[in-house]
Amino acid sequence: MFQSVIDSPRRHGVIDVRLRRTLWGVAGLASSIIAVVVAVVATEALPALRGVELPRFLNDPSWHPTNQRYNLAPMIAGTFLVAGGAVALGTLFGFLSAIFCCFYAPPRLAGLYRGVMELLAGIPSVILGLWGLTTLVPIVAAIKAPGFSVLSATLVLGLMIVPTIGLVAIASLQSVPRSLILGAEALGLPKWLTVVRIAFPAARSGLIASVVLGIGRALGETMAVMMVGGNIVQVPESLFAPVRTLAANIALEIPYAEGLHRSSLFVSGLFLTLVILVVLCIAEWLGPEPIHD
Amino acid sequence: MIRAISFPFRKGRSFLALSVMALLSVAASAHAAETIVLTGSSTVAPLMAEIGKRFEETHPNLRIDVQTGGSSRGVRDARAGLADIGMVSRPLTDSERDLTAFTLAYDGVAFILHKSNPVKTLTRQQIIDIFTGKVRDWSEIGPGRGTIVVENKAEGRSTLELFLTHFDIKSSDVKAAVVVGDNQEAIKVIAGNPLAIGYVSIGSAVTEAGLGVPIKPLPMDGVEATIDAVKQKRFPLVRELNLVVRKQPEGVVKEFIAYAQSDQVTDLVKDLYYVPVGH
Amino acid sequence: MYTQLAETRHGHLGPNLEFPEPPCRPARIDGQARDLLWRVSDLGVHYGRKTVLSSVSIGLPKGKVTAIIGPSGCGKSTFLCCLNRLSDSMEGCCVEGRIMIGSQDIRSPSVDDIALRRRIGYIFQKPNPFPMSIRRNLELPLKAHGVRDAAEIGRRIESSLVAVGLWSEVKDRLNASALHLSGGQQQRLCIARALVLEPEALLMDEPCSALDPIATGVIEDLIHSLRQRLTIVMVTHNLNQAKRVGDEVALFWCRDGFGYLVETGPAQRVFEAPQDELTKLYISGRIC
Amino acid sequence: MIERSRFRFDGHLLLVWAAPLTITAIFVWIVGGVLLHGLDQLSWSYLVEAPRRAGRQGGIGPILVSTLLIVSVCLAVAIPLALGAALLLAEFVPRRSTGARIVRLSLDVLAGVPSIVFGLFGSAFFCSLLGLRFSILSGGLTLACMILPVLIRTIEQSLRGVPNAYRMGAAALGLTRTRAIVTVLLPVAAPGVLVGVLLGVGRAVAETAALIFTSGYVDRMPSSVLDSGRALSVHIFDLSLNVPGGDAAAYRASIVLLLLLMLINGGMLCIHSLLKRVMGISAQI
């Protein structure tokens with residue numbers, strides 16, 4: 001009685017197999033973009049890589065490409081410092097915003113605040129840079145000398161990545177099954193404990209993803225950091241010392257760079273990609289295993 | 001029934017391929033109208049865009065695309081033929097002898113201080129000492145107190161090159177507290193910091209000061225920093241804004257360059273506070 | 001109400017799925033040549049290295065209710081999943097042995113598992129209606145299997161909701177969200193969702209464990225009413241439920257980590273005169 | 001014995017309310033500054049006319065059109081690609097498989113590439129190699145590459161958030177994987193997908209450095225997708241950093257950009273609620 005039904009050719013399977021193949025194609029395409037980007041940067045960086053021995057990029061006396069000095073070390077340090085501070089700040093405010101929206105705020109207020117974050121995510125870095133330049137820097141300058149400093153760069157960059165981290169964190173917190181939260185509250189756990197002990201671990205994979213996106217945005221930001229960071233090539237010895245990140249360096253000098261100077265900028269682009277890879281591997285390795293799939 | 005599900009899938013794909021081909025063929029035709037492409041310095045681009053628009057009014061089927069990307073890109077694209085005309089905000093260096101340059105306008109470079117800074121003028125030696133870090137506090141100059149915030153331009157910028165050659169310092173000797181890229185950004189930095197000193201194009205400085213931005217240009221070697229001083233060639237620090245072309249221009253490109261240097265566009269040049277070539 | 005259900009059995013389900021003549025002839029009386037729906041021989045299941053079920057051989061009669069009892073963790077649910085190859089959707093689960101329906105091993109690649117699952121419904125322990133309206137929950141499987149005509153869909157939805165006794169309670173709020181229904185109602189909606197495809201058999205994994213006695217009673221009556229139309233295989237912890245509803249009973253047991261079949265047979269015999277020592281102890285409730 | 005104390009001061013309450021308040025305060029401070037400077041000459045004609053005097057006067061009609069074209073090209077390319085990759089990562093491949101980790105790592109590195117490098121990559125790859133030259137198409141494609149990581153990550157997370165019970169339920173009903181994804185998984189995961197698209201649009205509209213090198217600087221009304229077109233953020237960048245006396249116009253353009261963002265966000269929310277009514281999806285209780 002089943003014969004006629006069971007033996008019908010496996011047409012359904014064909015659709016799923018075809019879908020699976022197209023998806024692998026699409027994912028392959030998406031992940032090959034980074035290869036093309038690195039290839040473009042590498043071809044442009046070739047003249048400098050050949051002309052200047054690699055170690056010189058780390059122990060040249062200073063960064064003055066027109067006088068053949070290509071020391072990138074201070075800028076790499078600057079990038080780590082500014083991005084690290086910004087990610088710490090952004091994660092703190094982003095997670096607190098997510099907790100506020102998901103657990104503490106009345107729904108209407110939560111919706112409103114989400115709107116604010118979505119708009120903040122859309123403000124061009126030029127406007128944020130200008131605001132930093134005209135209002136934030138004078139305030140920091142009032143505290144200590146130039147005002148263009150690691151502090152102002154970290155504050156502006158932190159502000160920029162709060163929406164990215166906050167919105168993704170909200171999405172992952174909202175996908176935590178209600179039964180978990182209700183179970184915790186049924187036990188009379190105070191709200192803060194429920195959030196930190198039950199909701200966060202359950203949404204851990206989403207939260208890690210939001211921080212990783214934040215790191216990406218922090219390392220990649222160019223315009224705003226260039227305007228408020230001061231762009232002095234030095235390892236900043238204090239929070240108030242000016243700093244130049246690798247991304248800001250490229251944006252600052254690429255329009256007027258010639259020959260070896262231009263390709264040395266692309267070498268710093270390669271270094272930046274390396275920094276990103278290192279930071280991500282640390283995040284992947286440090287990030288604890290997500291509890292449930 | 002099951003067969004029905006997969007049928008639209010196959011037909012959908014062929015339709016997609018067809019529409020992509022159609023899009024590309026339409027695109028090819030759209031570019032028939034003649035185009036002049038200019039790339040280069042973002043300081044010259046606004047001026048050339050306006051000149052281009054006015055030139056287009058008298059040449060209906062001509063399109064002038066002005067793109068930015070910096071002087072070095074202007075030189076590279078002009079040499080490689082990617083752009084018909086390159087825009088450079090500095091005189092050609094000796095390595096660029098293969099290109100021919102047409103000066104479009106002049107632009108003075110002056111030192112600017114915050115409006116509240118009591119200092120009225122600075123001698124050549126004082127400027128060298130400030131920028132090389134020998135002098136650190138305004139009190140060592142004259143009226144006024146507080147550590148000097150020195151603002152320098154990024155590597156390769158034309159105003160930096162002009163400054164270094166005029167005061168013959170090497171870029172590695174300059175001790176700056178902040179490095180900026182464009183003139184407008186430099187002005188905003190000075191406006192935000194009463195103790196700052198920097199050098200920018202006179203046109204921008206005069207305009208912004210006129211609009212109430214708290215900055216003041218300093219006279220140099222006794223010549224006051226105004227656009228007229230540059231026009232009468234009395235001002236020492238002047239840079240030229242050039243259009244560069246690989247081989248001798250001919251046809252509509254030649255006509256356009258001549259038009260850009262003619263006095264039919266002096267009002268546009270003045271509108272961006274540069275000094276026209278003609279006088 | 002049931003005749004209505006019977007008539008629709010003749011409807012054609014789409015061009016290539018002619019529906020065989022109605023199966024609702026009364027089963028042959030003589031027990032020996034029993035008409036088996038499944039013939040399972042030495043079925044084994046393991047997740048990676050961990051074996052969950054080993055060498056289970058059993059025949060599941062058609063048109064009857066088979067109750068599967070046994071302590072938790074002895075692979076009852078896993079066994080149920082294998083019967084309609086739902087095990088394929090479980091990550092890392094691999095199955096050995098043969099599960100025959102008629103003369104066809106359902107695990108052979110030539111078998112269309114999608115069509116198989118459409119003929120054999122599955123009800124989960126925790127009710128899992130889709131987070132959509134009641135109507136959409138029932139429409140979705142129908143549209144997925146090619147039933148397009150709105151009147152047919154409307155009739156099918158009504159008949160399946162009537163079959164599970166939900167129609168009177170929800171007929172005027174079919175567009176309300178299914179999640180607003182009570183636990184018992186949600187489980188009956190899931191059963192209706194399976195019935196709307198008019199399956200041949202229904203696999204139920206502890207359907208009443210999360211329900212109150214009244215809702216459990218409704219579901220048990222429902223199983224009674226469906227017993228002639230469908231073959232039902234039900235996993236349950238509740239021995240009385242197995243006695244009340246089951247025609248056949250199978251006892252699974254768990255030994256050093258994996259499950260195996262202890263004894264199977266007509267409910268009456270297994271409960272009154274169990275052959276295996278283990279069954280005797282378990283039924284009398286002395287082994288905790 | 002168990003009556004509530006009159007005011008249960010909870011240290012965390014302060015913390016949880018302080019963060020959003022500071023962020024909103026700074027947001028109001030920034031937008032307030034922009035509104036203060038730019039609100040005076042804002043008028044309908046400003047949205048339609050072409051720019052004059054290097055943007056300091058006239059309107060931003062052509063620039064608005066270019067911006068909308070660039071963003072739509074970007075979304076039209078990025079969303080399908082992102083949906084495909086996210087579906088693969090969330091549904092078809094175990095989380096820890098090497099293939100998935102390679103794809104995920106390459107996307108995370110892509111997310112960290114600075115926008116200036118994207119500009120150079122776009123101009124080298126799309127403009128010269130593919131011969132699209134300075135055009136809205138190459139600008140849109142470059143932006144698509146930029147926002148793919150954000151889109152894929154958020155969509156993958158939202159798909160993972162769908163409880164397994166629905167997948168098993170769909171499988172038990174004999175739905176094919178494809179149909180289960182289209183009719184059950186994606187509708188339920190729609191809110192998360194929406195967040196990803198919103199973040200993507202936010203990033204695309206806010207992008208400056210990349211577009212200067214790819215979609216160009218021409219502020220003429222584009223006649224086709226292959227014409228060069230100046231995006232609104234590039235216009236703001238140019239007015240504030242290249243054109244003397246351009247600040248007032250830059251602030252005015254910024255207000256329009258914020259309004260555009262509000263429009264897009266509002267539009268997305270309407271689409272979402274429409275989707276919920278059409279698909280009959282109800283929020284999980």
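Chain C and chain D bury about 2000 Å² between them, and 69% of that area lies on carbon and sulfur atoms. Please keep in mind that this is a predicted model.

**How chains C and D meet**
- On the chain C side, 29 residues are in contact with 23 residues of chain D.
- Polar contacts link 3 residue pairs between chain C and chain D, counting pairs with both residues at pLDDT 80 or more.
- As for salt bridges, the rule finds 0 across the interface of chain C and chain D.

**What chain C brings to the interface**
- Four elements of chain C each supply at least two residues of the side that touches chain D: helix H3 (113-119), strand S6 (120-123), helix H4 (134-144) and helix H7 (183-195).
- H4(C) gives the most to this side of chain C, with 5 residues.
- Sorted by class, the side of chain C that touches chain D holds 16 nonpolar, 6 polar and 7 charged residues.

**A look at chain B**
- Chain B has 10 helices and 10 strands in its secondary structure.
- Of its 279 residues, 57% count as buried.
- Among the contacts in chain B with a separation of 6 or more, 75% come from residues 24 or more positions apart.
- The accessible surface of chain B is about 11700 Å², with 60% of it belonging to carbon and sulfur atoms.

Methods
Residues are numbered from 1 along each chain as its sequence is written. Chains are lettered from A and ligands numbered from 1 in the order in which they are written. This is a predicted model: local features need pLDDT of at least 70, side-chain atom pairs count only at pLDDT 80 or more; totals for chains, interfaces and linings use all residues. Side-chain values use heavy atoms; hydrogens and water are left out. Contact means heavy atoms within 4.5 Å. Buried area is the accessible area (1.4 Å probe) that two parts lose on being put together, summed over both. A salt bridge is a side-chain nitrogen of Lys or Arg within 4 Å of a carboxyl oxygen of Asp or Glu. A polar contact is a pair of N or O atoms within 3.5 Å; within protein, one must be able to donate a hydrogen and the other to accept it, and residues adjacent in sequence count only if both atoms are side-chain atoms. Ala, Val, Leu, Ile, Met, Phe, Trp, Tyr, Cys and Pro count as nonpolar, Asp, Glu, Lys and Arg as charged, and the others, Gly among them, as polar. Buried means under 20% relative accessible area, exposed over 50%, partly exposed in between (1.4 Å probe, protein chains only). Accessible areas come from the Shrake-Rupley method with a 1.4 Å probe; for residues, only the protein chains shown count as cover.
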